[in-house]
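Please prepare a short report on the ligand site, the pockets and the cavities of the structure shown below.

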Amino acid sequence: MTQKWNTRTGLVHDGIRRSQYSELSEGIFLTQGFAYDSAEQAEARFIECGPDEFIYARYGNPTVRMFEERIASLEGSEDAFATASGMAAVNGALVSGLKAGDHIVSAKALFGSCLYIVEDILQRYGVEVTFVDGTNLDEWRAAVRPDTKLVFLEALSNPTLEVIDIRGVSEIAHAVGAIVVVDNVFATPIFQRSLDLGADVIVYSATKHIDGQGRCLGGVVCGTRDFIRKTLEPYLKHTGGSMSPFNAWVMLKGMETLDLRCRAQAASAQAIAEALQGHAKLDRVLFPFLKDSPYFELAQSQMEKGGTVLSIDVKGGKDAAFRFVNALEIFTITNNLGDAKSLVTHPATTTHQRLTEDQRADLGITDGLVRISVGIEDTDDLISDLLGALNAV
Ligand SMILES: *Cc1c(COP(=O)(O)O)cnc(C)c1O
């Protein structure tokens, strides 16, 4: 989709379809199927389904299509396919184009379920996987081969917020003809345009910032029309990973305020990172837009803002981290992120519990590490809540 308007306008208007009633808000087309005027029309639609024609909700639906067009326009991709969750999107983007015997390269710092797909499912079906430290371009260079079909990475790693050089990785991958699939959740579609940096396929968990208010699961894959309609869609529409119309409607409403929310959250995250930096109770503050971050320059070159999540390492390990988390009043303990509400997670005992101690150490996930997802509350309230809880440690 080419962007007709600037981002905030597009987020409110792009993709809109109105029925004969000219409803102002996007309609929720809660229908599984679609009726045809004649047998000839049904036949024609099964031969070729036009851009505004529908057959069955697993294949497509007007409300879902509005969401797909709005996100494709925001992302600057030719097309998009919406999925039931972020994991259906990751699974579709990875599995739809691969077969036994193919080789892929993946960054090793991945969201737990993404790691399960790459490490377990793909290898079980005969795809060979090489893991690399995503921040080290030499490792990517050494890992790709003439038969490498795809490389996969998360733009900002969870929970240590390491930044991967997407331009560098894309150059290395494209030199051997591999496509670059980026899970852009942490960077958000507002702050990082991964397609412009060289990536080919962008994946989102819409559950995070796009809904942003903790209501629905959803996901989306953005890419070329060829990839989305010829490779991804056949796989997803026949395996049942499509987004429900109701969830698409929630996501459309979420997109209206996406830019406003992300900017407010990122401004608070920056202020919080700066306020906590050097605090006596902390070993580290991890946020890519802190000047002393090893990723500062790279982050500045590919992101407009530092994102909405930061991590801190509380001195004193698990006990101290738990005392800190339990003393917070505004921040809610949960494993979600990107929400209007500020949230905290202790990765070592929750999202990354499944990893071995060695794997956690390798990824920098210490017992004192706490991930903070910054919401849209008042910045000063958030900072005083955090400082107050640190006092309790
Ligand atoms: C949450 C998340 C996912 C999975 O999304 P769901 O909507 O929960 O299925 C994938 N990747 C990243 C980076 C995430 O944060």
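A polar side-chain atom of Lys208 lies 2.7 Å from an oxygen atom of the ligand. Such a pair is a polar contact, that is, a pair of N or O atoms within 3.5 Å; within protein, one must be able to donate a hydrogen and the other to accept it, and residues adjacent in sequence count only if both atoms are side-chain atoms. The model is predicted: local features need pLDDT of at least 70 and side-chain atom pairs count only at pLDDT 80 or more, while totals for chains, interfaces and linings use all residues. Residues are numbered from 1 along each chain as its sequence is written, and side-chain values use heavy atoms, with hydrogens and water left out.

**The ligand and its surroundings**

Which residues are the closest to the ligand? They are Gly86, Asp183, Ser205, Thr207 and Lys208, and 13 residues surround the ligand in total; a residue is counted if one of its heavy atoms lies within 4 Å. This shell divides into five nonpolar, five polar and three charged residues. In this scheme Ala, Val, Leu, Ile, Met, Phe, Trp, Tyr, Cys and Pro are nonpolar, Asp, Glu, Lys and Arg are charged, and the others, Gly among them, are polar.

**Pockets**

Rolling a probe the size of a water molecule over the atoms shows where empty space is left. On a 1 Å grid over the protein atoms alone, a cavity is a set of points where a 1.4 Å probe fits but cannot get out, whereas a pocket is an open set with protein on both sides within 12 Å along at least five of seven lines; lining residues have an atom within 4 Å of a point. Grid points are joined across faces, edges and corners, and a volume is the space filled by probe spheres set on the points.

| Space | Volume | Lining by class |
|---|---|---|
| Largest pocket | about 560 Å³ | nine nonpolar, two polar, 11 charged |
| Second largest pocket | about 310 Å³ | nine nonpolar, nine polar, four charged |
| Largest cavity | about 40 Å³ | six nonpolar, three polar, two charged |
| Second largest cavity | about 30 Å³ | four nonpolar, three polar, one charged |

The largest pocket has a volume of about 560 Å³. Among its 22 lining residues, Cys49, Gly50, Pro51, Arg229 and Glu233 are the closest to its centre. Two or more lining residues come from each of α2 (39-47), α3 (62-75), β1 (79-83) and α9 (225-239). The element α9 gives the most, with four residues. Helices (H or I, at least four residues) and strands (E, at least two) are DSSP runs, numbered from the N terminus.

The ligand takes up the space of the second largest pocket; a molecule sits in a pocket or cavity if more than half of its atoms lie within 2 Å of its grid points. This pocket holds about 310 Å³ of space. Of its 22 lining residues, Gly86, Met87, Phe111, Ser205 and Lys208 are the closest to the centre. At least two lining residues come from each of α4 (86-95), α5 (112-124) and β6 (201-205), and α4 has the largest share, three residues.

**Cavities**

How many cavities of 30 Å³ or more does a search of the whole structure find? The search finds two. The lining of the largest cavity includes Ala57, Arg58, Phe81 and Met243, and α3 and β1 each supply at least two of its residues. Ser205 and Lys208 are among the residues that line the second largest cavity, to which α8 (188-191) and β6 each supply at least two residues.

**Backbone features**

A cis peptide bond, with omega of about 0°, joins Asn158 and Pro159. Pro159 is found in the loop between β4 (148-154) and α7 (166-175). Leu161 also lies in the loop between β4 and α7; although not a glycine, Leu161 has a positive phi of about 55°.
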